[in-house]
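Visitor: Could you take me through one part of this protein in close detail? I would like to go strand by strand, and then look at a helix.

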Amino acid sequence: MTRRRVVIAGLGDSGILTAIRLAKHADVVGISVKPALVSGQELGLRLSRPRQWARDYWLPFDRLPRLDAVRTVHGAVSGVDLDDKVLTVAAADGSTRAEPYDVLIIATGVSNGFWRRPTVQSAGDIAEELTAAHHRLAGARSVAVVGGGAAAISSAANIARTWPGTRVDLYYPGQRPLREHHPRVWNTLERRLTGAGVVLHAGHRAVVPADFECDHISDQPVHWSTGQEPASADAVLWAIGKVRPNTGWLPAELLDDDGFVRVLPDLRVPGQRGVFAIGDVAATDPLRSSARNRADGLLARNVRATFAGRPLREYQPATGRWGSVLGAQPEGLEVFAPSGRAFRFPAWSIDRVLYPWIVRRGIYRGVRPNDPLDAATIDS
């Protein structure tokens, strides 16, 4: 029996985990603008401790044994013929190639600031970018963080703890940030931030210049539509959640009004046989929560059910944000449940239990040791 071909456009966490689950059941091809999993999570750690962040959030594909059976293509998807079931890929080497599919999984994610962009990069490009952002903040005497989401909170806290001599101001609209989390989360993290010396500024809504994509650390004053005087700092970090779906290669009829991929409850794209979407790019619910709630298992099952002619199951979205906000700290890792209550992994367990057993073995089904030279390329 001829094995079906599954092409996964995008190899972030959702794409990789789906590929791992399908590799034994189909010929899987993954297309990625990076030669590795480069997570968009834990921005604060990425900026303040890039070498530590890279150890846990930058995984070259050849370190994942369960991807050995997956053919990875380094490049960007530039178009799709839905009738003939063929993707067009602009490869990193400058060539253009066609990738036919029986099933297409759209997992191209979103762009958000300089740390999540759909640009084709080499490993050297990634290391250089990590180092440059870290050095930019290390040399600043004052940092202004603009935004009210997890990326902004994480950045402010980690910058303040890493460089205690640096003044860190956090500006956010409304009376509290983290509006998609339970209120208990902010009650806890407010104490963490003020304890680290972060100065909080509620009720500040930034005026974002029309031509500004928040894709770099700036030194320009920030103006406010809420009437306050402009704010200045040596380094201004924009983390305002200006999310843009990476769907420019898709026909407009597959997208909602905001450019995200429309999906049915079983993650199929309406009107398209054999096309699914998952992750931040998929309009599953207002929080687009399939990226953080392990929908890869359900999607892989539904793809196999499609091959076998069995009924498909529906995704049940979460009703609120949950998980870590600040990332691993010297005293441990604090994870918030949907109820807003926190439970802590003690510091000793992070490197002995959490990453080696729960993350690397449990989630990724095994991760090969890294080359010591990889970490040396990141100057922190």
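Visitor: How many bridges join strand 11 to strand 12?

Guide: Happy to show you. This is a predicted model, in which local features need pLDDT of at least 70, side-chain atom pairs count only at pLDDT 80 or more, and totals for chains, interfaces and linings use all residues. Residues are numbered from 1 along each chain as its sequence is written, and side-chain values use heavy atoms, with hydrogens and water left out.

Strand 11 (residues 167-171) and strand 12 run parallel and are joined by 3 bridges; two strands pair if DSSP finds at least two bridges between them. Helices (H or I, at least four residues) and strands (E, at least two) are DSSP runs, numbered from the N terminus. Y171 has H201, in strand 12, as its bridge partner.

Both strands belong to an open sheet of 4 strands, ordered 12-11-10-13 with parallel pairing. Strand 12 (199-201) and strand 13 (235-238) are its edges, each pairing on one side only. From one strand to the next, the twist averages 20°, with axes being lines fitted to C-alpha atoms and angles running from 0 to 180 degrees between N-to-C directions.

Now for the helix. Helix 8 (residues 347-363) bends by about 45° at L354, and the proline P356 follows within four residues. The bend is the angle between axes fitted to the seven residues ending at a residue and the seven starting there. S349, I350, L354, Y355 and V359 of helix 8 are buried, meaning under 20% relative accessible area with a 1.4 Å probe, protein chains only. After helix 8 comes R365, with a positive phi near 60°.

Terms used. Buried means under 20% relative accessible area, exposed over 50%, partly exposed in between (1.4 Å probe, protein chains only).
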